[in-house]
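Me: I have a structure open and would like to learn how to read it, feature by feature. Could you walk me through it?

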Amino acid sequence: MRLYTYHRSSASYRVRIGLEWKGIDREDRFVDLGKGQQLEAAYLEENPEGRVPLLVDGDVRLGQALAILEYLEEKVPEPPLLPKDLAGRARVRQLALLVVADIQPLQNTGPLVYLGEALEVSDPLRFQWYKHWVHRGLSAFEAHLARDPATGRFCHGDAPTLADVCVVPQLVNWCRNAGGDLSEWPHLARVFEACQALEAFQRAAPERQPDSPDAPPQA
Ligand SMILES: N[C@@H](CCC(=O)N[C@@H](CS)C(=O)NCC(=O)O)C(=O)O
């Protein structure tokens, strides 16, 4: 499989976690969002959405991290990232979508750059926008974890699911951009710690990717 990815992309990070969790080998192709490579003709040829991630598996070519993760789940069911029961699967998808549909798009590079360059919104106001929407979304996520007995060591039960796969990159992004404090969200903080102890999550981390300036030297 070939993954078009960028070390700082939280959507790519979700897919990297899924691939690592399932032990699926991949070949990385790096798209430098900092240099705008996602909007260059060569990449738009690969993915007309102009975003990462993109997974290519033979004739299958998929953008949208959640669609990719569901594809991987069906192709390589073990170890699973969705629970066995119908209600559990729906809850996990709800939590995943809270990040994928309601938080990340409002703080994504493209819209933030547009706010700055086209609408001339100042950096402090753009940061206020970022903090407002991410904080609101993560607070809703925390409320779900706090009130639902299905929450376990992880977002749903005692094994990671797509909910953890989606929320961890968003939390890493929050820590990087907004000071690193998760103390107001104790359930999220606990789940985050449980995930970060797992090798699959560690191997998928931004600073471990070869395109990161913090990457360890390659053998
Ligand atoms: N809904 C998409 C979002 C993908 C996305 O927003 N990717 C970001 C990086 S995290 C990107 O490529 N941004 C570049 C841009 O918006 O120009 C998914 O979940 O895969």
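Me: Which domains does the domain assignment of the protein chain give?

Reply: Domain bounds come from an automatic or database domain assignment. For this chain that assignment gives domain 1 (2-79) and domain 2 (86-202). The centres of the two, taken over C-alpha atoms, are separated by 19 Å. Before we go on, note that this is a predicted model, in which local features need pLDDT of at least 70 and side-chain atom pairs count only at pLDDT 80 or more, while totals for chains, interfaces and linings use all residues. Residues are numbered from 1 along each chain as its sequence is written.

Me: How many residues of domain 1 are in contact with domain 2?

Reply: Two residues are in contact if their C-beta atoms, placed from the backbone, lie within 7 Å. Here, twelve residues of domain 1 are in contact with 14 residues of domain 2. On the domain 1 side, H1 and H3 are the elements that give two or more residues, and H1 gives the most, with eight residues. That side divides into eight nonpolar, two polar and two charged residues. Those classes work like this: Ala, Val, Leu, Ile, Met, Phe, Trp, Tyr, Cys and Pro count as nonpolar, Asp, Glu, Lys and Arg as charged, and the others, Gly among them, as polar. As for the element names, helices (H or I, at least four residues) and strands (E, at least two) are DSSP runs, numbered from the N terminus.

Me: Now the backbone. Which residues does a cis peptide bond join,?

Reply: The angle to look at is omega. Another joins Glu78 and Pro79, with omega about -15°, and Pro79 lies in the loop between H3 and helix H4 (86-103).

Me: Which residue has a positive phi although it is not a glycine,?

Reply: Gln64 is one, with phi of about 70°, in the loop between strand S4 (60-63) and H3. Glu120 also has a positive phi, about 55°, in the loop between H5 and helix H6 (123-147).

Me: Is Gln64 buried, partly exposed or exposed? And what about Glu120?

Reply: Count other C-beta atoms, placed from the backbone, within 10 Å of the residue's own: 20 or more is buried, 12 or fewer is exposed, and in between is partly exposed. Gln64 counts as partly exposed because it has 17 such neighbours. Glu120 has 8, so it counts as exposed.

Me: Which residues is Arg126 in contact with?

Reply: Arg126 is in helix H6. Leaving aside neighbours within four places in sequence, Arg126 is in contact with Leu112, Leu115, Gly116 and Val121. With 17 other C-beta atoms within 10 Å, Arg126 is partly exposed.
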